[in-house]
Amino acid sequence: MTTAATRSYQYTATDARPLYALKRRKVQKQRGFRAKSTYGHCIKDEVLIDPACGSGGMFVQSAKFIKEHSGNINDLSIYGEESNADTWKMAKMNMAIRGLEADFGPHQANTFFNDLHKTLKANYIMANPPFNISDWGADQLQDDVRWKYGTPPNSNANYAWIQHMISHLAPGGKIGLVLANGSLSTTQSGEGEIRKKIIEDDLIEGIVALPANLFYSVTIPACLWFITRDKKQAGKTVFIDARKMGELVDRKHRDFSEDDIKKIADTFESFQNGTLEDVKGFCAVVETVDIAKQDYILTPGRYVGIEEQEDDGEPFEEKMERLTSELSEMFERSHKLEKEIRERLGAIGFDL
């Protein structure tokens, strides 16, 4: 992720604000969340899980963010899981040198085949799992209890990750995760039916479409999913199209500014408070029945529409007369250039 990709994704892990951040020049997952104490709540004795925790950068960023908001990360019980042995060791070391208490299990493990925290229910789950993983072993997990909404296909693990996280979600719990855009609309191998059942269970609180080039490790478009049990706005989902936001920091990478992050965060918070008004081309509050009319596709562009263009005040007839006149002049110029090119080619023996 880029720098803002870690912070823009942060805030919604609790009651307000879509995720805090996508950190620039950091490929590792560095995510945090707004301490509930900031909003008159208490985070003590609550549980945070990242089932694809990598080297634990998300927890480090979380600790920093909570400290900035007069909280203590150790008031939360932190759990993670990582399948790569070397990365798992790095995560353990990362926690130790920063004085953070976390349970990553006694060893590395595959989250799907050896869930080290099988009975745990979490208040917050945040993850940036690997996108579109194929041949992940679905044939060996056909009757797994986690597949409440349908067995995910072996060709893509995206809906395995989603359902794994939902299975660990406590009442009132929240999930924030990054996935490839294809997860929003795929109908292959039963994925569309799984998505339909999750939507009908009223778990999808919000979807944010991200601009391209926010990630260093992948180039495909990505999105943020916010999944919540007992969400404040029952029967409704907020869609935010942030694809035009951010600025290029170099030729290949884009980053969100603080104003961009605040705009997304305020939009999500307004939705949760029931005060959000639709903005053409940017955000829309949509009822589940209307999502059903769109075949349960969650692509924000389907719902936010096209940004309204400011009227320039020129009457339509006058504008068309002007534009057709300009087009006629361009055609005339084009014909002259074509004639000149033919003559010059003919002069050197190349007739067209």
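Let me begin with Arg 243, which counts as partly exposed because its relative accessibility is 48%, where buried means under 20% relative accessible area, exposed means over 50%, and partly exposed lies in between, with a 1.4 Å probe and protein chains only. What we are looking at is a predicted model, in which local features need pLDDT of at least 70 and side-chain atom pairs count only at pLDDT 80 or more, while totals for chains, interfaces and linings use all residues. Residues are numbered from 1 along each chain as its sequence is written, and side-chain values use heavy atoms, with hydrogens and water left out.

The side chain of Arg 243 meets that of Asp 241 in a salt bridge, at 2.6 Å from N to O; the term stands for a side-chain nitrogen of Lys or Arg within 4 Å of a carboxyl oxygen of Asp or Glu. Asp 241, at 9% relative accessibility, counts as buried.

How many salt bridges does a search of the whole structure find? The search finds 10, and one of them joins Lys 148 to Asp 201, with the closest N and O atoms 3.6 Å apart. This pair links distant parts of the chain, 53 residues apart, since Lys 148 sits in the loop between β5 and α4 and Asp 201 in the loop between α5 and β7; helices (H or I, at least four residues) and strands (E, at least two) are DSSP runs, numbered from the N terminus. Lys 148 is exposed, at 58% relative accessibility, whereas Asp 201 is partly exposed, with 35%.

A further salt bridge, between Arg 342 and Glu 338, has its closest N and O atoms 3.3 Å apart. Because these two residues are 4 apart in helix α9, about one helical turn separates them.

Let us turn to helix α2, residues 57–68, whose end C-alpha atoms are 17 Å apart, which agrees with the 16 Å that its 12 residues should span at 1.5 Å a residue, the expected span being 1.5 Å times one less than the number of residues. This helix is mostly covered, as 9 of its 12 residues are buried, among them Phe 59, Val 60 and Phe 65. After α2 comes Ser 70, whose phi is positive, near 60°.

For the whole protein, there are 9 helices and 12 strands, and buried residues make up 50% of the 352 residues.

Finally, Met 93 lies in helix α3 and, at 51% relative accessibility, counts as exposed.
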